[in-house]
Amino acid sequence: MPVKMDLLTDSCPQMGSWMQESVTSRNDTKAHCLDVILMSLLARATMCKGGNDFYATLPFHNELPFDYWIRLNKAIDTAEGALKRQGKILDNPAREVTVMFIRHCPDPWLALVFKCKPLEEWTTGEVQSFSMYSDPSAQLTVCSAEQQHSWSAVNLDGPHEEGTSGGPEKMSPEFPTLIVDGQGDDLKLGSNVIKHLIHVKKASGDYSEKMLTTDQKHTDEENLLQLLSCVEKWKGGAMPEKMGPVKVKHAVMLEPMHEHLVWGVEILDPGEVVYTETRTNGVVGRGVILECGPTLPDVYIWGFTRPRTDTIRAIVYNFGKGPKLQKLAQELGELSVITNSASLSIEKLPLVAEGVYTCQALYDTAEGAKLYYYYVYLSVLVPVSKPYILMSDSSPVEGSTLWMRCGLENGTGPIKYIWEQESRSGMLTMLAEGNSSLVNVTDISRNHTGWYRCLASNQVNQQRSDRIWLDIIYGPDLPQIDVTPYSVTERGYSALERETVSLLCQASSNPPSQYVWFYNNSQVYSGPQYTITRILRMHTGHYACLALNTYLNTRSKKTITLTVYYPPDGNPSCTILPANNHTDLALWCHWAGGYPPASLHWNPFVFGEEVESGSNITQIQPGPETANNSVFVCQGSHVALNITRQCSTRTWLPVGEPQCSAYATRNNEYLMLSCSWEGGFPRALLWWASSSGASQGTSEENANILVLRSSYTYSGKAFVCHAKHPLAGESKQCVLRLEAPVLVAHRSLVTVYEGSDVQLTCVMSANYPVTEITWYNNLKQHVDNTPKKYVLQRAASWSNLTVRETDCARDSGQYWCSATNAVGGAEIPITLLVKRYPMPPNVTINKIVYSSHVRTDVDMEWSIRTELDLTSFFIERQLLPEPVGKRASNVSLWYKVIVDLESDVRSCKISGLDPTRNYAFRITAVNHRTIGHPSEVKSPADPPFNAYPAVIGSAIGGMILATVATVLFFLYVVRNRRSNPRLHDLIFGLQHSQSRENINFPEDEVVGGLEDEAGGRAPSRSPSPGPSMTLPRPTAAPKGSPIGEDNEPVNVTITVMATS
């Protein structure tokens, strides 16, 4: 059974009492009761005529939400077409459909969903998606998680119970109940009860107001309504005992997403009259719907009561034959009755339509007639028109007073005014808010400059005025100078040399200021921005900006100091110096120039004493605490440089130990003691001292030379050089001991064969300062490095003299080795004995013959008696002259044709001979530089001739005959030498004892080269061995004697040749 709840909102008790008495005093038939009610209503009602439009499209009974959504969209299309025909346009049709669907949702559960958030927050897509769902439980999921939690205290699901519309609830032993007036049993609170409560409460006039209120302090009734509509959980204290006529004994939270079973008992008097009051607002020119019950009554009458009157006039009624409009309806706008309902739709609502609308609805039920009174209080609101702004002054001066008024022609009060200010940057702020249209601004400032508009609003709408500009006159303020690039120092601004510097002057002023720039009190530019390209150090000075407001004739000025920074040239220079008597290090870094001075510091950080002055920085670093090869970096930075410049220096200990040496000047006049400790940084400190410790000379860095006059008294004495470096903990030293030279020869007598190279060695066993060894030859001559004869090799303590190609006569003798330094001298002799090699063996020519009849080549063979003392051979030839008369003329010299023949060679071929000349040949053996005796002289014979035997016989006979004749001739001459002396002398020479030469002793000279056969070059003369039969060797003619005298001795060689 449905549950009924009376809210006791009867606003017309007289009408209700009359209706109740009419119904309860008679037990007539239903038709008779209807006649009595209609007779009473017709007296106070009039007929009116209306029409249907979009706002009359209400849901049908049990209509699905999606179907209703489709009908609303079709209705809005129809309404939009009608408006177009009238020249009007609907602003947002989709929004109108959304609002209409939410307000008249046919599904109660979906209507609860729409209460979860304000109406204006629902979008068309969300509403359409919800309209497509038919499961109410799914629609409840839009509630927040916090709201859903409040429903989950008790699970009411359970097995189905017979005789009910759902299963019995699963509850705690003490479950909540809701007691209704006249109800005999407890009513279990469930979803059906909630539906009914919401439905009945909607009919009250304060339901919407309570649901839409934003006040955080709710009454118990409001808390319950919000809880039941899934707005939020219960926030009050204990649950109220009553809400109107309803008594609540217990409370329960229903679990969402489930169906719940409720049952109860309703006691309703069939003759009871129900009164309902609602309030609604309408807008002039728009439409409004006035509801008369949820369903279509059998009979209804609409009446209208103007404000401040008690007269009710009928405007429309329906006695079952359709609605009838009265004349009064035409004054109230375009009035019509919505199909299948008793609700009124009023379009183009006029202002006179404001008042109370009463709907008297009669329902014919099985229990009897039921009469409902619906009182609708309609307020017709007038939208505000577009406002406009009035100002006392649109360009006031800063500090004055200003008023602004927001004018409005139409609008139903109360009207709320909001003043908005929009700055130059577009930022919108609210200046004032209230019910007054007038705003007074005292002590106006420049911050009030901007666009102004006023917003007027009432219950219907809100309108904004057009913007109006408020221009405040002020300034100029003290100028603000911005330097780009920006760099501030204690003295003002700074800039880097050669960069572009921009000075921008800005002084707040309206109208804008005019600017003039001054440099050191001289005007240089007019304008807000003064730019200096490639600024130089000469531009350092004072810059002033003067701002002028020509409208107010005011001015202001500001001066700044600009300093131009420029960096030092190049990079820092750094070094390490000794400090504190060479016990510590002084790190010195210098970077001169630039402004301001460069900033210098050492890295790694040095913990010693620091002295900084100007562009220099000196850091004292303890020497013994510093590691060898430590690197120190001096980093220099300057504001005018983007990067850090640096220099580095390294300190290191000299390698090894100090080195001492002594040497003398030329001619040993002075003795110089040198001490050095090369390398290291900084340099080491050196000083000399005698063996007794007395200082000698001064202290020097890196190297120290002590100069002493030469004296033999220094021999055997020691001098000490002391060296000190900051990285070394203790000083170091080296000792020099002066010594006169002492010479030693490996051999005092050296023997060598003639022609060999010999080396003489001289060694100095003691010598300091070092001096060179001087050599003297056997003639007491100073020996130089002469490569052809002498080669000298020297070292610190020895010297070698090499004598090349020694000669027995010239090189034998005593050589001297001498050495002298600044403290003494010495010399020793070395004897050189040069020996000759043994005489080589004699050579015998075994065969010498022409190779052919061409007579250009000769084949020679020879032999020796022994193979000892032999190194090589050489062959000579002599060109034989042609005989002239009885004596030979132009005797030719001997020429070497082949030299350096190997000692084991015994034959040779001689080529390149002139076939028209005659030659003689000889061969000599050589043992190193000793030349043996030449062989006998022989001329080559012709080769054998192979002719016919007769020719050969004739030749042999001729030869024999010639031989015999020759022998006879010689015998004749010998026997008749006294009778023919000249013939004898011509053939045998002047002295018979010298007719033959001894070939065992080489006495002749030879010629080293070959002469051109034609006589192009004159050969040099040398001793030449004579032929086997020669005259005695002539002696050299006295100088100046004639060459062609008769008594000149002649060396004649007779050669016997056999001819064919």
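Colleague: Leaving aside neighbours within four places in sequence, which residues is Gln759 in contact with?

Modeller: Gln793, Asn800, Leu801 and Thr802. Contact means heavy atoms within 4.5 Å. This is a predicted model: local features need pLDDT of at least 70, side-chain atom pairs count only at pLDDT 80 or more, and totals for chains, interfaces and linings use all residues. Residues are numbered from 1 along each chain as its sequence is written, and side-chain values use heavy atoms, with hydrogens and water left out.

Colleague: What joins the side chains of Gln759 and Gln793?

Modeller: A polar contact of 3.4 Å. The term needs a pair of N or O atoms within 3.5 Å; within protein, one must be able to donate a hydrogen and the other to accept it, and residues adjacent in sequence count only if both atoms are side-chain atoms.

Colleague: Why does Gln759 count as partly exposed?

Modeller: Its relative accessibility is 39%. Buried means under 20% relative accessible area, exposed over 50%, and partly exposed in between (1.4 Å probe, protein chains only). So Gln759 counts as partly exposed.

Colleague: Why does Ile960 count as exposed?

Modeller: Ile960 has 51% relative accessibility, so it counts as exposed; the cut-off is over 50%.

Colleague: Which residues are buried in helix H6?

Modeller: Val127, Phe130 and Ser131, in a helix that covers residues 124-131. Helices are DSSP runs (H or I, at least four residues), numbered from the N terminus.

Colleague: How do you know that the buried residues line one face of H6?

Modeller: Seen down the axis, they fall within an arc of 105 degrees, so they line one face. That arc is taken over the directions from the helix axis to the C-beta atoms.

Definitions and conventions: Helix = DSSP H or I, 4+ residues; strand = E, 2+ residues; numbered from the N terminus.
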